[in-house]
Amino acid sequence: MTANEFIKKVFFIEILKGLALTLRHFFTPSVTRQYPTEKREPFPGSRGLHALVRDPETGREKCVGCGLCAAMCPSQCIHIYTSEDDDHKKVVDRYEVEVLRCVYCAFCVEACPYGAIVLTDHFEYSGYSREELYYTKDRLLHNWDKYMANSKGREYLEKFWRPKSEDFGVPAAGHHQAEGKKAT
Amino acid sequence: MEKVLLKNIDNPNSADIGEYRKAGGYRSLAKALQMQPADIVEEVKKSGIRGRGGAGFPTAMKWNFAMADPKFPKYLICNADEGEPGTFKDRPILEKNPHLLIEGMVISGYALGAEYGYIYLRGEYPAAKDILEGAIEQAYKENFLGDDILGKGVRFRLSVHQGAGAYICGEETALIESIEGKKGQPRTKPPFPVNVGAWSMPTIVNNVETLSNIPYIIEIGGEAYSAIGSSDCPGPKLYCVSGFVENPGVYELPMGTSLRDIIYKHAGGIKDNGKLKAVIPGGISTPVLPADAIDCAMDFVAMPKAGSMLGSGAVIVMDESVCMVRVTYRAMKFFEHESCGKCTPCREGTDWLRKILERIEHGKGREGDINLLSDVAGVMSGRTFCPLGDGAAGVVTGMIKHFRSEFEEHIRDKQCKFRN
Amino acid sequence: MIEITIDDRKLSVEKGITILEAARRNGIKIPNLCFDKRLRPYGGCRMCVVEIEGGRKLASACGHPAREGMVIKTNSPRVRRVRQSVLEFLLVHHPLDCPECDKAGECALQDLVFEYGVPETRFTGERKHAQPDVRGPLIELISNRCILCAKCVRICSQYQGRGALGLIGRGFPTVVQPAFGEVLECDYCGQCIDICPTGALISKPYKYKARPWFLEEKENICSFCGVGCTLTLGIREGRILRSKGREGAGINDGNLCGRGRFGFDYIYSENRLRTPLIKEGDEFRDASWEEALTYVARSLSSIRDAHGPNSIGAIGSPRCTVEDNYMLAKFMRAGLGSGNIASSEAFGYAGALRAFSLSFGIGSNPADLASPLGRDVILVLESDPTITHPVFGLNILRAKREGSRLLVADYRETKLTRHSNTWLQLRPGTLVALLNGMMNVIMDRGLFDRDRVSGIRGFSSLEAVVKEYTPAMVSEITGLTGEAVTDAAVTFANAPRRLVIMPLAVSENNKGPGSALAAANLLILLGEEPSSLQVPAEYCNTYGMLEAGIMPRGGGMDVFDMLYKPGHLRALYIMGEDPLVSMPDSRKIKNTLRSLDFLVVQDIVMTEAAELANVVLPASSWGEKEGHFINAGGLRQRIRKVVEATGKSQPDWQILRNLGLAMGINLGAKSFQDITKEADDFIAGGRREAEGAPRPAFHPVAYEPEEPCDSEFTYTLVTRDVLQHSGNMSTRSEALKLVQAEAFLEINEKDAERHAISDESHIKITSRRGAVYLRAKVTDAVPEGVVSTPVHFPSGGINELTHFSGNTCSRLDAVKIERVK
């Protein structure tokens, strides 16, 4: 043991160094967050709970029940049932997502030709039974109102999904747009 | 040249059988009935006559195909559905010289072994219908038609079938469908009508002018006939000249008369001493020729070399006051209206072309429209079911080839300078 | 054979076929939108263009014959460019509503656009004016999706012989429309739905129900007529949503009729039985299987012990599988020791079998669905196979198109009479007279080989009987002219290859075994084989049921003794049959059923007879159980369980096995495989026994008029089938009910006028046995003095009017008509 080492031992230099580090951290901002009392703003485009886009014009879902989302879904958690209404239009009777089986790949959003389904940034959901996390059409529309309505939803679709949301238009049956769309 | 097809035409009673016989009519029939059918076909072959309907297919060859088919009965159909805009060459024969056609059909029927003949008459020729029917009745009475023609035991029955006004029924298979009572749409070829035609039996479809040449061939013999006009496609030919000429009308001239002669020598030149701008030489579905390209012989061989076709020999003359875009638009409107709708390129293409031309003509043309026109016409040509689509595409490509600047001007100026 | 090269592959193909056909047969795909092998080449779509080496133009492969040494390129850049441009042309006006369209996912246009790339849409301008949709009960036409390939128009007129759709207009504005753009009124075969390359023609019951990729496709044999078509069922989450044909599948090769395509939904009838029912007082109450079976077992045992096994009878079903019927027969014979096993076929196909065995000396004569093809003359006798056996009927129409002469003897106008060369419109029930008259002419003119035929047993008696049927006399009976009879006889006798077709159906009262015998006489006279007499069995398993032993044997009672003579039976076990609807003179049957001590009905739905039962047992229907059907051609086809059984229902054979166990009888079948094997062996044994060369004999039949009209009952009632229904099972189908929901009475315009009856008005129709009320359908399809009605509808109660007698020629009824005020 050299004199140097001896002095270090006697005066607890290492311990003091350590305590200094501890002391320094008293004054640096912390990285952990006191979740759930303290919440983080999710990044834009993050994928959370599903929602069905509500068409502001009709007040109904934009979804036409084409079933492409269900076809693409790798965990097959989307179930769609459609029928014909009195005006001979296709209506979506049931649109159901088994949220517990979802893997949040967002293929459904990508597949949708009308931009009718989104993944909201709401990720904190839980329930005491499976039924609570079985989302029906009404609940999915409610999600839109709650989490994505107004500019937020539009921004989400415009920013993160192609074809861009301004390309989305639901043609009314029988009347097709006069001008053909440039395909992407 | 001695008139063959339009002989006796100035006689006000030329459609009467008495007048026709006075001028030597039905002598060829008597002569033909002395001959063997095969000899008649041989004479026709020697004459080298080619079908006058527009395609110029050697008549004798068509006949030989039909004769090689053993099925019976055979039908002989005269295509009198003269619907091509600018064409009115058959009309004088039908209205003024119907017995020439009847004689030609009886001789052809005898040669081909066909006992039933139909004249498929254009729906818009009501006068011709009455005249033809009258002539047929006379011919039956004088035993030039019937079950025992001239006592030779030859049978030939003839009737007139009037179309309902469809241009497409000038196409032989559509014509046959129409005669059968079906929608006038062309059929898949092969099998060709000479094997499977009307009611699935061998059927020969010939143009009025072609059949009207037959008596003359019998009269003077095939070899003498082949000396008339062009060597490749001999015979007299009816040219009908319309548009901006001094004397529009039907002219019977030897095949191969030059286009310039037809316009300037026979039709009296451009009206009001105007300047020639363009000529459509063979009916609307043949490509246009500019003023400097009219020194060509009007026959089946020389015209394709000049960049167009003889078609039906309907010369449409246009002078400097004519807007070529408007001509193309009008032509396309016709083709769109007359397309039968069976095949995709013609049905959709004619409509599309018409719409583009309409907007160019009305000053709403867009950049790239000319290329689009050529493109659409390009994918139509050669891919349609029958020649109608080809003709429609040909008009557009021909016009753009020769008068592109005029199209460009329309688009650039956003107006038609010929309109005031 | 000729040698051609397609895409560098050297092929040897038959001479005369088209390039497309050559490519198809060798597995080379040439895209097309307007080709179908059943139709003549059209060449309209221009998708099938190919490049032929040395050719100036591209050729369309569908119409261009392959020639020796041709070198063909099906996928060159030039060809691909043309196809792309065709697709661009089509997409100019085809709406891009794929997300809503039912066809998306199996759309030919969509697939091709996917393959050739979405064209850049250069077309800007007004789109084609959208035509209004044409809605119908089962088929919808959405005009603006149409690409005018005209396949629907052509299959309807060229193949189906109907011509309900047409191309209206010319050129660009052309549309496919039914007459005058009104609702599509047709056979509702739905062939146009399958053939449509886009979603322009769609099935209404399936409309917007599911996307094709949600469906699981399973094949099953159709449960209606005796043809035995293969259906491709689309099932989503345990429910059958649609049925369609698939090219190359089954004997129908993709063809289907409306019943097969739309009628499967009878298994979802709200009348389906879900649990065993026991009658207490006048009401039924739900019971468990154990309770119900114990009750049935006890009752049957006590009746057997008290009155002997012959007091118990059973009725089998042509709708149940071979296994079910075999099990019923075994239960009766081996279990109870009774031979009283019968079925409704005693009124139908069993009569044909009797005729075969008497005349040709053969035990069976399976129909051949391809038999009409290549015959010179086809004689169809008082029936319309395009109604009773629609897919078989298609072959008759095809034979006619290919040059056969079609003679149809029928009292009424049908699709077949419209397509016939000669329509012999005879009076109903006079067929035997016509056939005898034809034989008279043939004998008279010596149009047969006398040396060969005179040795056949019964020839002299035939000669004696037939001698009386001179054309003049036949003319008097049948109402045909003497020349018509003579012409028909001469045409038929002079043709080298002849065929007679006459289905014998339970529902028809204008023919009987006597008619089949008379037809057999005619054929034997001309030296024909049994195969020239085509009597297709009526229902999906009529043939199999009879082969499985559902017929009275060993002194057992037949259906006439069992059902028309009260007191012969004490107990009756009915499986899958409603004698009150399907058999004549239902009042008598009702009396018999009421007189029974014990009646068990085992069925899929509550039937009229079940209402009278002591116990009703719920059986699993077609699609809910495994088994086999044997079609009219004797072909054994597997039917599969594709959906779960309704309620507590069980397969019939299983119920019978369990009942056996409850009675202490071991029927020996542990599993489905066991019973299949056993039934198979039984049928094979039966077929071996029936083997042997035909031993023809003449059994002359004299014409016997049946229940002639008199001053009170002035009309002849003819019962018949309608196209949309088969037996009474199809009346449980909601889809088919959209087209034909209730019974009606067809009456000639002049007769209607006489009674001041208007179309759709109610009329009372009375026979010597009873009266029913029906809606009138005023038509010129039936002649004056004849009224006609379908028997399918339980609510119609037609069989209250009909009667049953010993007459083998027909069992027509005289009726009177009154207007209901």
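A residue counts as buried here if 20 or more other C-beta atoms lie within 10 Å of its own. In this predicted model, that cut-off picks out helix α6 of chain B: 15 of its 15 residues are buried, so α6(B) is largely enclosed by the rest of the structure. End to end, from the first C-alpha to the last, α6(B) reaches 21 Å, close to the 21 Å expected for its 15 residues at 1.5 Å a residue.

Helix α7 of chain B, residues 126-141, tells another story. It has 16 residues and spans 23 Å between its first and last C-alpha atoms, close to the expected 22 Å. Which residues of α7(B) are buried? They are A128(B), L132(B), A135(B), I136(B) and A139(B). Looking down the axis of α7(B), these buried residues fall within an arc of 105 degrees, so they line one face of the helix. On the other side sit P126(B), A127(B), E137(B) and K141(B), which are exposed.

What do the buried residues of α7(B) pack against? Their partners in chain B are α1 (17-22), α5 (90-96), α6 (98-112), β2 (114-121) and β4 (154-162).

Now for chain C. This chain holds 27 helices and 32 strands. Its radius of gyration is 28 Å, close to the 28 Å that the globule rule gives for 821 residues, so chain C is as compact as a globular protein of that length. Taken along the principal axes, the C-alpha atoms of chain C fill a box of roughly 90 × 70 × 60 Å. Of the 821 residues in chain C, 59% count as buried. As for contacts in chain C with a separation of 6 or more, 74% of them come from residues 24 or more positions apart.

Strand β3 (residues 49-52) of chain C runs antiparallel to strand β4 (residues 59-60) of chain C, and two bridges join them. Within this pairing, V49(C) has S60(C) in β4(C) as its bridge partner. The two strands β3(C) and β4(C) form a hairpin with six residues between them, and in the turn G54(C) has a positive phi of about 90 degrees. Strand β3(C) also pairs with strand β5 (residues 71-73) of chain C, again in the antiparallel sense and over two bridges. Here I52(C) has I72(C) as its bridge partner in β5(C).

How do the chains meet? Two pairs of chains are in contact, and chains B and C share the most contacts. By comparison, no contact joins chain A and chain B, and their closest C-alpha atoms lie 14 Å apart. Where chains B and C touch, 26 residues of chain C are in contact with 26 residues of chain B. Which helix gives the most to the side of chain C that touches chain B? That is helix α2 (residues 77-93) of chain C, with six residues. Sorted by class, this side of chain C has 15 nonpolar, seven polar and four charged residues.

Terms used:
Residues are numbered from 1 along each chain as its sequence is written. Chains are lettered from A and ligands numbered from 1 in the order in which they are written. This is a predicted model: local features need pLDDT of at least 70, side-chain atom pairs count only at pLDDT 80 or more; totals for chains, interfaces and linings use all residues. Two residues are in contact if their C-beta atoms, placed from the backbone, lie within 7 Å. Helices (H or I, at least four residues) and strands (E, at least two) are DSSP runs, numbered from the N terminus. Ala, Val, Leu, Ile, Met, Phe, Trp, Tyr, Cys and Pro count as nonpolar, Asp, Glu, Lys and Arg as charged, and the others, Gly among them, as polar. The radius of gyration is taken over C-alpha atoms; the globule rule is 2.2 Å times the number of residues to the power 0.38. A residue is buried if 20 or more other C-beta atoms lie within 10 Å of its own, exposed if 12 or fewer, and partly exposed in between; C-beta atoms are placed from the backbone. Two strands pair if DSSP finds at least two bridges between them. The expected span of a helix is 1.5 Å times one less than its number of residues. The arc is that of the directions from the helix axis to the C-beta atoms.
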